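Thank you for making time for this. I would like to walk you through one chain, so please have a look at it before I go on.

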Amino acid sequence: MSKETDIADGMNGVILEEDIEETEQESTRKCHGLRTFCHNFCLPCRTKYHPLPENPNCWDRFKFTFMCPPHGVIARYLQFLFLCGITFGVLLALFKDYALPGGNFFSLYVLFFGSVLGGYLISFIKLPPLLGMLLVGALLRNVPVIDVVGNHLDNKWSGALRQIALTVILIRAGLGLDPVALRKLSFTVVRLACSPCLVECISEAIASHFLLGLPWEWAFMLGFVLSAVSPAVVVPSLLNLSDRGYGLNKGIPTLVIAAASIDDVLAITGFGVVLGIAFSTGDLAVSIIKGPAEALLGVAYGVIGGILLWYIPAKGDNFIFYRGMTLLGAGLMATFGSAAIELSGAGPLGVLTIAFVAAFRWRKEKKDDQDPIKDIVAILWMLFQPMLFGLIGAEVQISKIDGETVGLGLATLSIGMVIRLAVSFLAVFRSGLNFKEMLFITFAWFPKATVQAAIGGVALDAARRKGDPTLEAYGGIILTMAVLSIIITAPIGAIAIAISGPRLLKRTVKDKEYGEEDVQNTDELAEITKV
């Protein structure tokens, strides 16, 4: 009886295994059929089986653009939408109601991605992306229905983000300074950095005092805000020309970038001194002496911190990343720490100096032309640039702007710019540059944007803390003038640099066999290329 039972159980086991095998085969056939169906269905839209022809027409390019996997422009658009979605999801998970419409983080989220999109769109008409970012911020504050975004921005967050962006700008400028070229052009750099800035500041202060009715301390505050050149426009434009070989024979890109950095520091430091005087309740003499003392303190901090960064962090895995983050942390400590101890004028100069001193040693360690620290800082600027210009645009309230103030403000700006251009030309006179190169530097000294965006609203914030309507009105005038200067000079300056650079500067071409050759035009370039 037991044997018959065992035989029956064995037969049942065999039948069960056969059923399982048949089921698996059926599932395999279904999966294979489904894969075949999906493959045949997607076949017409896959780039692997339908590559772009050698001589495509417009229709071929159009079809190829929308084929899978996503590539080119479509891939970038999908990437942007994906980042928007996951960023909003993270903010919603972390901050709940604050990430919903009406909350501060939702407003910052919309402002950031809107500014990125605005900068991208305006670049199609060859204008600086920062102009599109600025306009998006203004729209989010002034257009009905969507103005809820600009009206729910927290002033403390706005000010802190602008200060972080300013720190990143100054670090990038400090890393870009070439000490060898600075030694050769030291006196020229000082003249170009100081003369146009100070003369424009004085002329605009006098003009705004009589035209706009600002008190003298507020007039000079406006003068320092408007007198700074824009690294956000000048540095990328000069680096683009430098990469193509223009002006390298006389170090013009280094001259302009170095002078622009010092020009900004001078304007920011002067603004901080005058700001302290305007809101000071103590001895005026102490307030005036405080300015140079803050500058010396900033330089001392930068030198000591830069030397420490030669050895910290120690070399090892990912030390480039840690080096970049340490530099950023030291810069932020200078910016926010100086403000916390009420020595705000020391911060910007400390940031610039620490980046310059640290890079002096780091350049000797490089084994090739790559500079990963600059790449890290460039990524940080890519993140903070839309926020900076979007926030400053969102501070503009068109309904509160007086038309007469705008007209008189344009007159003030025009007076200062005419004088600035003349002084810029004279500042590089007898510096070894020819007439065309001097004329180019005059054009390069035209655009304004970054510093105006960073400090244009500082006086207004200080006036709001005081709660004085009169001071708030003065601060509103300074902010309005800062925005006007950006809208007018940034696109004109960027276009002027792009057009005049190849026409006014010599081009240096590096040739492996013959070394460096100065090229005056494209015909000579073609001849060298043939050789």
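Predicted model: local features only at pLDDT ≥ 70, side-chain atom pairs only at ≥ 80, totals over all residues.

How much of the chain counts as buried? Of its 531 residues, 44% count as buried, where buried means under 20% relative accessible area, exposed means over 50%, and partly exposed lies in between, with a 1.4 Å probe and protein chains only. Residues are numbered from 1 along each chain as its sequence is written, and side-chain values use heavy atoms, with hydrogens and water left out.

The chain has 22 helices and two strands; these are DSSP runs, numbered from the N terminus, with helices being H or I of at least four residues and strands E of at least two. Taking contact to mean heavy atoms within 4.5 Å, 75% of the contacts between residues at least 6 apart in sequence join residues at least 24 apart.

Let me turn to the interior. A nonpolar core here is a set of buried Ala, Val, Leu, Ile, Met, Phe, Trp, Tyr and Cys residues joined through side-chain atoms within 4.5 Å. The largest such core has 98 residues, and those touching the most other members are Leu175, Trp218, Phe271, Leu327 and Phe389. Helix H21 gives the most to this core, with twelve residues. Apart from it lies another core, of 27 residues, which includes Val234 and Leu505.

Staying with individual residues, leucine 175 touches, among others, Leu327, Ala355 and Trp362, when residues up to four places away in sequence are not counted. Threonine 167 sits in helix H7, which covers residues 155–175, and because its relative accessibility is 1%, threonine 167 counts as buried. With residues up to four places away in sequence again left out, threonine 167 touches Gly331, Leu332, Thr335 and Val351.

Finally, a pair of helices. H18, residues 435–444, and H21, residues 469–504, pack at an angle of about 170 degrees, with their axes 10 Å apart, the axes being lines fitted to C-alpha atoms over the stretch in contact, and angles running from 0 to 180 degrees between N-to-C directions. That angle makes H18 roughly antiparallel to H21, since angles over 145 degrees count as roughly antiparallel. Among the residues making the contact are Phe440 and Phe443 of H18 and Ile497 and Leu504 of H21.

Note on methods:
Parallel < 35°, antiparallel > 145°, perpendicular 65-115°, else oblique.
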